[in-house]
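Look over the sequence and the 3D view below. Then test a few labels against their cut-offs.

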Amino acid sequence: MSDSRDDLLAAQPRYGTANPEPVENELWDLAISENWSGYALRQHLGVDDTDEHRRHAATPSTWREATPGPLWSWRRFGRTSTALGDGRVIHVAGEHEDHYDSDFCIYNDVVVDYAGGRREFFLYPKDVFPPTDFHTATLVGRDLFLIGSLGYHDLRRHGDTQVLKLDTRSLRIERIATRGEGPGWISCHQAELLDPPTILIVGGEVVTADDAQPNGLVFALDLATMTWRRREHGDTAVFPVTEAVYRGAKNPRFGAGDSERSNNPFWLAMAQRRWPPSRARLHFGDTAPPKPAFVMPEGEMPAPFTAAAHRWAMHYEEARERAKLVRTIDDVVWTAVREHALHFTLPDGRTLMIGGEVADDGDEYADPWVYNDVVVQHPGGAIDILTYPLELFPHARWEVTALMGAHLFIFGEPDRKRHPERSRRPVALRLDTATYAVSAAREPAPAVRVNFYRGCETRDGTRVILPVIRRTDADPELGVAFELEALIWSEPFPHPHPEGTASDGDDG
C-alpha cells in the first residue's frame, strides 16, 4: 500500500508527447493483469476518493488532466480489440464508466498484447489521437482504420466523422481527411470491409449539437479516394438477397417432413456471412420495435432469506419479463449466429451445428428463438440447412453427442416454456449423417432430470450413461442409460458420477 505522489501520478492516464510515445508502467500492467478498475487501483494504492474529488468528476475533458484526476482503468466500454496475423492483439482506447464516476476517463491509448504474454503501451498527443470510444476498427492490410467516436462532449466535432489510420507496424496514428456525405459524429455503429476496399458503416447513433438520433442510413467510405457516399438499404452488392425475398423468407420455419432440406436463399446467405439478426435488420432498414423499459420494483430490497425478499425477487423477475418483447415465429429474423448450439465435426470434415438459441437481450433483443434445425458446413464451404417438424425434433438445449457408425446421437433437455409436458425428462435423437433423417427413442425417457453439461456422459459399449441430478448431497448417485442400438432408455440405477461433475441440485 502506498500513498506517495509519484505512485499516484503514475497511476493516472495521460496524453502522449510523441506519435507514438512508448511507455512502461508497472501499475498499468498490474491493473490489466488483475482486471482492475480505477477504484480497485485506488484501493491498492490506499488513495482516498474524497468528496471534492468526486464533485469535479462531472466536468468535461479537462478532468482527465486534473490533479488528482481519474486513476487508470482497464475496465472499459467502447474499446476495440483486433487480432493480427502475427499473433498480436491491438487494443484501442475506450472509456471507463461515465461522468458520475470519479475515475471516468475516455482514453486515447493503444495497448499491444503479444502471443508470448509481453505487453506494450503507447500514448499519443490529444491533437493526433483525441479521446475515443465506441468507434470501430477495420483491418485493411497493415493499417487499422478507426472510424467514429462518442468522445467528451466538449471535444466533439458535430457534422464531422472522425477517421484515423493506425499503422500496425510503427503504431503511428494519422488523421484522415475525407470528403463526400459522411454519417456525422457517429458512435456505437458497425463497420464492414467490402471489395474493392470500402468500409461500410451501418447502425449506431449520430450526435448533433441538439440531440442524438439512431443512424438509419448506410454509408460507405471508399479507401482509394477517401470519399463518403450513401448506399441504399437492401444493396445486393453487399448481401445477395433482395428486400422482397427478405420480407418473405426472413422468419424461422419448421420442416414439414423428416430432414427437409431448405432452399431458403436468405437463410443460406445469413449462414454464409454469419450475420446476426440485428445486422440483417440494419441492411434492409427493418427497424426493430423499441425494447420495453425495465422498471425496478418499488422500495428497497428487503433483508435476504426472508419472505419479503422472496416476494421482492418475484416482482423483480416479473419486471424483467415485462421488459421483454412478446415475439412469435413471424416476428423473428432467422440467423446461424447462436448461443448454446451443439457443434460436431464428422470424420469426413463436415461440421454440424445443431439447434442453439438467440437470447432476448442485448443487440438481438427483438429476435429471440430456440432453433430445432441442423446447419451443415461442408469442407468446400457449401452449406445445407435441414428443418424438422417440432414433434420430431423438439426445442432443446443439446449438450452430449455419441457417434456410432453413420449415426450421430444427440442428448439434451427440452426447452421448458415450449415443451412443458416433457420438461422433466431427457431427450435423445438419432441423426443419420448421410440422409439427416432423425429417429427418436422408442419409449419415453424416465421422469428424471439429467445433470447435462459437456463431458457428463460415460460410454459403455453401445450405451451412453448420463448422471441424474441429486436434490441433496445425501441422495445416492444415479445414472440413466440410453441403448444406442435399441433406442431405449433404462430406468435409473446406481452409478458414480464422473469426477469434476457440475454441481447437482434442482434449479426449479
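The questions below concern a predicted model.

Q: Why is Cys-188 called partly exposed?
A: Its relative accessible area is 48%. Buried means under 20% and exposed means over 50%, with partly exposed in between.

Q: Where does Cys-188 lie, and which residues does Cys-188 touch?
A: Cys-188 sits in the loop between strand E11 (185–187) and strand E12 (190–194). Leaving aside residues up to four places away in sequence, Cys-188 touches Phe-134 and Gly-204.

Q: How do you know that the buried residues of H2 line one face of the helix?
A: Leu-27, Trp-28, Ala-31 and Ile-32 are buried in helix H2 (residues 26–33). Seen down the axis of H2, the buried residues fall within an arc of 140°, so they line one face. An α-helix has 3.6 residues a turn, so residues three or four places apart point the same way.

Q: What makes Asn-25 a cap of H2?
A: A side-chain oxygen of Asn-25 lies 3.0 Å from the backbone nitrogen of Leu-27. The cut-off for a polar contact is 3.5 Å. So this pair is within the limit, and Asn-25 caps the N-terminal end of H2.

Q: What makes Asn-264 a cap of H6?
A: Here a side-chain oxygen lies 2.9 Å from the backbone nitrogen of Phe-266.

Q: Which elements do the buried residues of H6 pack against?
A: They pack against helix H5 (243–249), helix H7 (277–284) and strand E24 (383–387). Among the buried residues of H6 are Phe-266 and Trp-267.

Note on methods. Residues numbered from 1 in each chain as written. Predicted model: local features only at pLDDT ≥ 70, side-chain atom pairs only at ≥ 80, totals over all residues. Heavy atoms only, no water. Buried < 20%, exposed > 50% of the residue type's maximum accessible area, 1.4 Å probe, protein only. Helix = DSSP H or I, 4+ residues; strand = E, 2+ residues; numbered from the N terminus. Contact = heavy atoms within 4.5 Å. Polar contact = N/O pair within 3.5 Å; in protein donor to acceptor, adjacent residues only side chain to side chain. Arc of directions from axis to C-beta.
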